[in-house]
Amino acid sequence: MQRIGVFVCWCGTNIAATVDVQAVSDALAKEPGVVLSANYQYMCSQTGQDLIETAIREHALTGVVICSCSPRMHEQTFRKTVARAGLNPYLLEIANIREQCSWIHKDRAQATEKAIILGRAAIAKVQLNTPLQAGQSPVTKRALVIGGGIAGIQTALDIAEAGFAVDIVEKQPTIGGKMTQLDKTFPTLDCAACILTPKMVDCAQNEKIRIFSYSEVEAVSGFVGSFRVTIRKKARYVREDVCTGCGLCTEKCPQKKVPNAFNLGLDTRRAIYIPFAQAVPKVAVIDADYCSMLKNGKCGVCAKVCAAGAIDYTQKDELVECEYGAIVAATGYNPIDLSGYDEFAYSRSPDVVSSLEFERLMNAAGPTGGTLLRPSDKTHPKTIVFVQCVGSRCSAEGKGKTYCSKICCMYTAKHAMLCREKYPDTDVYVFYIDVRTPGKNFDEFYRRAVEEYGVHYIKGMVGKVSPEGGKLKVQASDLLDGRQLHIDADMVVLAAAIEPDKSARPLATMLTASMDTNDFFTEAHPKLRPVESPTAGVFLSGCCQGPKDIPETVAQASAAASKVIGLLSKDSIVCNPCVAQPDELMCNGCSSCEKVCPYGAITYLDKEFRGPNRTTLLRRVAQVNPAVCQGCGACTVACPSGAMDLKGFSNRQIMAEVDAICR
Amino acid sequence: MKQIAKTELDTLFAAITAEQKLYIPADDSAGQAQFTLWRPGLALSGRLNTARSAKDLFFPQVENLVGFRMHAGAIERVETREEPEDFVIFGVRACDCRSFSILDRVFLSEPVDTFYQMRRAHATVVTLACTRPEETCFCAAMGVDAADPAGDVTCWLEDGTLLWRANTEKGEALTEKLPMLRPCPADAADAQQARTRALMQKLPLAKLDLSAFGAGKTRALFDRPEWASLSEACLGCGTCTFVCPTCQCYDVEEFRDGSSVRRFRCWDSCMYSDFTKMSAGQPRPTQRERFRQRFLHKLVYFPENNDGVFGCVGCGRCLAKCPIHMNIVKVIKTLGVTHA
Amino acid sequence: MQGVKEKAIELLRSKSVDRVVGWKAGEFFYDLTPAVFTSVPEVEQSFVWSVFCAANLSKYLIAESRRGGKVAAFLKPCDTYSFVQLVKEHRILRENVHVVGVQCAGMCDMETIRSHGLSAVTSVAEQDGALRVETLYGARTLDRKDALGEKCRTCKSKKLAVYDELLGEQGCDEDNGRFLEVARIEAMTPEERFAFWRGELSRCIRCNACRNVCPACSCETCVFDNPDSGLRNKAAADAFEENLFHIIRAFHVASRCTDCGECTRVCPQHIPLHLLNRKFIKDINGLYGPYQAGADFDTKPPLMDFTLHDPEPSQAAVRGGGV
Amino acid sequence: MQVNSEWKPTIVAFCCNWCSYAGADLSGTNRLSYPANVRIIRIPCSCRLNPMFILRAFQRGADGVILCGCHPGDCRYTTGNYYARRRMTLLFSMLDYLGIERARTRVEWVSAAEGAKFAATMNDFVQTVTALGENRRLEDLRCKA
């Protein structure tokens, strides 16, 4: 026989002003199974909690119903209260008579009636509650960071610093990411390489960090605490453990016409190459698309010149399987493809460049050795037009992105400023929709560009760029003055929107992590859990979660690292006990539940059962891994026989609530 | 013996309806005959028999027994029994009429089933002799004379005339209230009866041999290996049971809405996997045992307890309706072959 | 006809299989019973292949494929879809079954023949595409199509979804307007639809024949039989329960139902249950793209799948009804 | 029987724990009122809603049933509301096919931030169901006795 205690909270006057709490506790006292019904001013106060604890002990309660604020508010509080009194914390139900009753209804009679009904439903449900035990699962003390840009590097360094092993998987031959391609960084104008490369070296030298460069994640299974990840180490045709990074091969390779991806195709490199001088690991890699040895078996120059004997044309992709307790996605971003922006003549004129290309053109290690020259005729541009928001803040119907790419205002100000500083004789125009410069020292930086460096900031969009006689005719409107502008520019720089790397979507599927419509990873909570993915054990670092500048990225990277450290410092994780549970006697093994499970929590087992007349039957039955199951309940509806049920929200519990509510 | 022209049936039915409720076999929207409450314009079905049997009117599929209600912390009993009005059931065939006597043996022996008893007491059964039996009919083998059914009144319908003969006091009482019935010679039905009886003998199942069955045959039949093959295709549905005029098993179930309980009984089928399931489990664990139960009950256990009367009237409904065409005739024929 | 019986004999005689699932002769020419044959004499004596072999044998293979040894089954085109679906759901062990596909020209149904007012039928013979029906009270000739069961009149496909060997020719998808009746009901007013379905479903006697014959209903214990489910109802004690049982049953088999038509064929009360399943099939085809359950071994049933831009529930009647 | 003008429908609202239940809480926090005859049942995700629960609610006397979940794409469990969307689409279509007023059932996506939308949705739904009157086509008469 159930012995249920009902506790009605006044919440000061929050509830009591519109709900007759005495009438509610009186009415609920008559419900079947209720042995005690009390009300008190603040159930969540120490006195209120003591009241509940004492009542559980004195009345030997088997279930507790608290009519109070939303369970989202105090369910955890009251579970602890109930547990302190020796009752299983899941023998508690909360009737939400504040947010969903007293605060929305003005009529006291109606609100009171509704409070009684909600209380009744909670009583009906608690009758069917069962004691639940939270399971535990072990934690593998190693983290995986996917992406070796500044976000991934910072996360890995922080995790390693705390003493945990961490692996970085980077699809490029070197770690470093986009930041390696930047020249100076705003708002301090210090050199990107100078601040990044030491961190890259730290990674390589930290014995807690393993770097899988030129590698990709192939498959992920498992769950928080024990992920199993398959990593594909792509063949680089150079033995990583032997190559000394001397670079001789990259000078002798006869294939010279390979577009240099590091410089965004603004110059060329050899078929065997080291992306840049400070690459980590500093190991050569053969570009199989261009190497004549790999393509038609003729050449072999690099092998001949390599004193270390590191060249291995027979190398194959290698699959490595590792276990991790936590995974950090740090897959970063890319500027969008500008080939669709014909109005800016991007595909038609080499002098229309993207901001990242401009970054290379300004960089001392870039194709022009740091002298700003037009790609077309290698002359100094005298008039430069910067166009902001190319592909950002677009309408949902058109091409481009609806969001603000966030970093463009600042780097454009930086570019403009650098131009004027290095080449005071250039005219620099910046066309903008808005200039957005929130951030420490950001607005000061922008104002310096305008006020001290004399950059012409014009509010308005560029309508058209037409290459004509070596010039770029720029047609634009000045919205503030309300006039059309025609500028004969030598160079046009487009601040392209940034978008998540293409590898993020398939990775999200592997991780069962959710994404928004723009393919940015979704955080578990936009404000309160910004570095966690909703999937337990998966964390987010850097631009894969949304556009960010370097300081923000580093901050988030460290935050993600601290979350990972928090997880890895535990020996085991306590699981949510409200998970799916199959009734093996009823399961027919049809796989419907497995097909809808987003977590891969369901597997099947051929199990022997006792059949009629002393026979044995081998039946395929579903098994749920309680550490993986998150308790969504999709499987319970897919299962026609009702063999799959959800603990804490069972079919019978919900139907009991329905019955009580409709009574 | 009385008579009335077939064209005047409506007048007859209207007159009966003026006194009490009248159920006649009429075609439903799917074209099958069902006992239906008569209303002006409802035509008598031309089919031999109804899809569902006539037992439904005495032993309905669902019958409320009693209710309980929670009221202010106490439980009160709610009476759900309703005294039925008098009613006439017209057009009952000989086989279904025989089924009443079989059900009576079950429900009217001590302890009397008062729900059934009440309905029987209120009913006047008007039977209708058969003229065009189906190939599935084997009532003759069960000792039923399709040409001369029992009941409170017996009717014959042929050549545009309905012949009417009251057999009991109830029948007489009904007849008296129907002045449109005109007297006719007592032998008016003889020719039709002779034709029907001759026809019955020509039916494929007329000579069904039941000698292997009846009281005392449990030992000989219970462990026959043929049960396995006979039952192997059985779906375990309740079709045969629910169209059967003599199946009488029921289960008691409750409907609860959280504050009240409605206790009712409903038909059960021994073909169901949870039939007579107890806390200790299912006494007939596979379909083979359940299947055997159904047929041994009709052919052996029932006669054993009821003066040798078989629990089957040969109506042939299960022959027509079984989804896999397994039926009592196949059982009789298969097991009727004695082993050497 | 097509050498079906001969094939059964050959398979058993050559010991390529241990058992054969087929149809066994009954009392009359039409009352064939699904049966398992283990010896050549048994087959010779009582195996029948005729126009009355409507029963879908697939569901029997759930048990037969687990009984050890190899079993051969004769499957008509429509039956093969149920077979594939059951293999897909891990109910039938494919490796233990030898599927003999049998092409089919449509099966006759005795209840349909009786519905033409014919009684005491003693024989049905095919004559030049028509059927000569002999009864105790005379003979009549029926068009073959008038004797077909509902499932054959609106046959979806003569194409077998699977077979290990085939008797007859592989066929093609058919267009016999199987959704016309659904569309006709959709076109009614809500009041008419309600009246129509009340009229049909109120005849239900909850004999469970539809469920028990259904290849998609292969639960260990049906929710409606399970006292712990809170939904057990043995009899349709209220109009609500008549609705509930059939709605939920249709929903449970939705996107897995192959439209084999057995539910309607076996209903003793002649309720057109296939119209519920076909409504779901029609909606699924219209809303999520054409899908035939049991046509292949891999695709996910639409109810266990989704796309990011599926129509919203509010659009259901508009889109579902219009396709 | 109550007079029609005073009659108030019983509305059962199934809300997913992560978005819509929080949205309902927010409408409470913001004191956005909706009729008291809307009663909320918390479920972990919209995909937990078994069609059986909807029919059960109608059986037991509900006049309208509404499911609220996260917006497609925002599911706490990534895919739950996509399944719920297909299931409810087909179920509602079937109810409509059986002549049961489709306006008695509804699905609305309400995020945790949409307290105003929650209240507006409930107000609108109650109005719609009130206009339809009592649920007669899918009730269990035994519950009325």
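Which strands of chain C does helix α1 (residues 4-13) of chain C lie across? Helix α1 of chain C lies across β1, β2, β3 (71-75), β4 (97-102) and β8 of chain C. Relative to β1(C), the helix runs at about 155 degrees. Axes here are lines fitted to C-alpha atoms, for helices over the stretch in contact, and angles run from 0 to 180 degrees between N-to-C directions. Helices (H or I, at least four residues) and strands (E, at least two) are DSSP runs, numbered from the N terminus.

This is a predicted model, in which local features need pLDDT of at least 70, side-chain atom pairs count only at pLDDT 80 or more, and totals for chains, interfaces and linings use all residues. Residues are numbered from 1 along each chain as its sequence is written, while chains are lettered from A and ligands numbered from 1 in the order in which they are written.

Stay with chain C for its sheet. 5 strands form an open sheet, in the order β2-β1-β3-β4-β8, with mixed pairing. Strands of a sheet pair through backbone hydrogen bonds, either parallel or antiparallel. Two strands count as paired if DSSP finds at least two bridges between them. At the edges stand β2 (33-37) and β8 (165-167) of chain C, each pairing on one side only. Neighbouring strands of this sheet are turned by 30 degrees against each other on average, direction ignored. Look at one pair. Strand β1 (residues 19-24) of chain C joins β2(C) in the antiparallel sense, over 5 bridges. There, C:V20 has C:F37 of β2(C) as its bridge partner.

Now turn to chain A. It holds 18 helices and 34 strands. Its C-alpha trace spans about 90 × 70 × 40 Å along its principal axes. Of the 663 residues in chain A, 52% are buried. A residue is buried if 20 or more other C-beta atoms lie within 10 Å of its own, exposed if 12 or fewer, and partly exposed in between; the C-beta atoms are placed from the backbone. Contacts tell another part of the story. Two residues are in contact if their C-beta atoms, placed from the backbone, lie within 7 Å. Among the contacts in chain A with a separation of 6 or more, 70% come from residues 24 or more positions apart.

The domain assignment of chain A gives domain 1 (4-126), domain 2 (142-233 + 317-332 + 503-568), domain 3 (248-305), domain 4 (336-499) and domain 5 (580-647). Such bounds come from an automatic or database domain assignment. The C-alpha centres of domain 3 and domain 4 of chain A lie 32 Å apart. Their contact takes 5 residues from domain 3 and 8 residues from domain 4 of chain A.

Next, find strand β27 (residues 491-496) of chain A. How many of its 6 residues are buried? The count is 6 of 6 for β27(A). In a regular strand the side chains alternate between the two faces of the sheet. Both faces of β27(A) are covered. A:M491, A:V493 and A:A495 are buried on one side, and A:V492, A:L494 and A:A496 on the other. Strand β20 (residues 352-354) of chain A runs parallel to β27(A), joined by 3 bridges.

Two helices of chain A come next. Helix α11 (residues 355-362) and helix α12 (residues 408-422) of chain A pack at an angle of about 35 degrees, and their axes are 11 Å apart. The contact is made by A:S355, A:F358 and A:M362 of α11(A), together with A:C408, A:Y411, A:T412, A:H415 and A:L418 of α12(A). These residues divide into 5 nonpolar, 3 polar and no charged. Ala, Val, Leu, Ile, Met, Phe, Trp, Tyr, Cys and Pro count as nonpolar, Asp, Glu, Lys and Arg as charged, and the others, Gly among them, as polar.

Finally, see where chain A meets chain D. The contact takes 39 residues from chain A and 37 residues from chain D. On the chain A side, α18(A) gives the most, with 8 residues. That side of chain A divides into 18 nonpolar, 12 polar and 9 charged residues.
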